[in-house]
Amino acid sequence: GGGAGFHAPPLDCARAKGLLQGCTYLEDASTEVFGYKVYGSPWQPAFCDWAFNLPHGSELWKKWQAIAADVDILLTHGPPRGFGDCTSGAERAGCPELF
């Protein structure tokens, strides 16, 4: 856990969202910024005890299938496998289903 209790199960997303000001929180949602369609998703393959973890496979695949084809900018909590995903222990932590 960590992050002032936001990662402690169960996740208290409502509390975290309530603290945000002057921004748009994207959780499996999109918005338009300067004519660009931006989609944000917090999900990632299970890693340590971080928030928004899902097991590899169908659960993550379903999340990525919800992303519209016309998105210009995709924001995710972690990268696809093989793209900037090496941990300090030289392991790949990215999501193969995202690529």
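A residue is called buried when its relative accessible area is under 20%, exposed when over 50%, and partly exposed in between (1.4 Å probe, protein chains only). This is a predicted model, in which local features need pLDDT of at least 70, side-chain atom pairs count only at pLDDT 80 or more, and totals for chains, interfaces and linings use all residues. Residues are numbered from 1 along each chain as its sequence is written, and side-chain values use heavy atoms, with hydrogens and water left out.

Stop 1: Select R92, which is partly exposed with a relative accessible area of 44%. Side chains of opposite charge can pair when their charged atoms come close. How many salt bridges does the structure hold? There are 4.

**Stop 2: K37 and D70.** K37 sits in strand β2 and D70 in the loop between α2 (58-65) and β5 (73-76), so the pair ties together parts 33 residues apart in sequence. Helices (H or I, at least four residues) and strands (E, at least two) are DSSP runs, numbered from the N terminus.

**Stop 3: F34.** Finally, select F34 in the loop between β1 (29-33) and β2 (36-41). Is F34 buried or exposed? F34 counts as exposed, because its relative accessibility is 81%.

How values were computed. Salt bridge = Lys/Arg side-chain N within 4 Å of Asp/Glu carboxyl O.
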